[in-house]
Amino acid sequence: MGNLYDSYAECVKAKIEGTFTPQMIDYPTIEEGIAGLKYVEACLESQEKGNIWVEV
């Protein structure tokens, strides 16, 4: 977790200093977070329905 915060902090610092570039991003995006949550929700739904395949 520390590496994620460190990378984010470096991007914030670079943004303030005017040196930020998108290539600096080395942490999960909001889209990746949403995809992860959808996966977890599908796992929970599958378990609730008797461990069947569910649509993600």
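Just after helix α2, Gly-50 takes a positive phi of about 90°, where helices are DSSP runs of H or I with at least four residues, strands are runs of E with at least two, and both are numbered from the N terminus. Asn-51 also has a positive phi, of about 60°, although this residue is not a glycine. Asn-51 lies in the segment after α2, and with a relative accessible area of 61% it is exposed; on this scale buried means under 20% relative accessible area, exposed means over 50%, and partly exposed is what lies in between, with a 1.4 Å probe and protein chains only.

## How the model is read

This is a predicted model, in which local features need a pLDDT of at least 70 and side-chain atom pairs count only at pLDDT 80 or more, while totals for chains, interfaces and linings use all residues. Residues are numbered from 1 along each chain as its sequence is written, and side-chain values use heavy atoms, with hydrogens and water left out.

Helix α2 has 19 residues and reaches 27 Å from its first C-alpha to its last, which is close to the 27 Å expected at 1.5 Å a residue; the expected span is 1.5 Å times one less than the number of residues in the helix. Gly-33 has its place in this helix, α2, and is partly exposed, with a relative accessible area of 35%.

How many salt bridges are there, if one is a side-chain nitrogen of Lys or Arg within 4 Å of a carboxyl oxygen of Asp or Glu? By this rule the count comes to one salt bridge, formed by Lys-49 with Glu-45, whose closest N and O atoms are 2.8 Å apart. Lys-49 counts as partly exposed at 49% relative accessibility, and Glu-45 is likewise partly exposed, with a relative accessible area of 28%.

## An aromatic pair

The structure holds one aromatic pair. Tyr-8 and Tyr-27 form this pair, which is edge-to-face, with 5.4 Å from centre to centre and 80° between the planes. The pair links distant parts of the chain, since Tyr-8 is in helix α1 (residues 2-17) and Tyr-27 is in the loop between α1 and α2 (30-48), 19 residues apart. Under the rule used here, rings of Phe, Tyr and Trp (its six-membered ring) pair if their centres lie within 6.5 Å, and planes under 30 degrees apart count as stacked, over 60 as edge-to-face and the rest as tilted.

## Cysteines

The structure holds zero disulfides, a disulfide being a pair of cysteine sulfur atoms within 2.5 Å. Cys-11 is buried, with a relative accessible area of 4%, whereas Cys-43 counts as partly exposed at 36% relative accessibility.

## Surface and spacing

Met-1, Leu-4 and Tyr-5 make a nonpolar surface patch of about 370 Å². Patches are made of residues with over 30% relative accessible area and no salt bridge, with like charges joined within 9 Å and nonpolar side chains (Val, Leu, Ile, Met, Phe, Trp, Tyr) joined within 5 Å, and accessible areas come from the Shrake-Rupley method with a 1.4 Å probe, where for residues only the protein chains shown count as cover. Tyr-5 is found in helix α1 and is exposed, with a relative accessible area of 56%.

Asn-3 is also found in helix α1 and counts as exposed at 68% relative accessibility.
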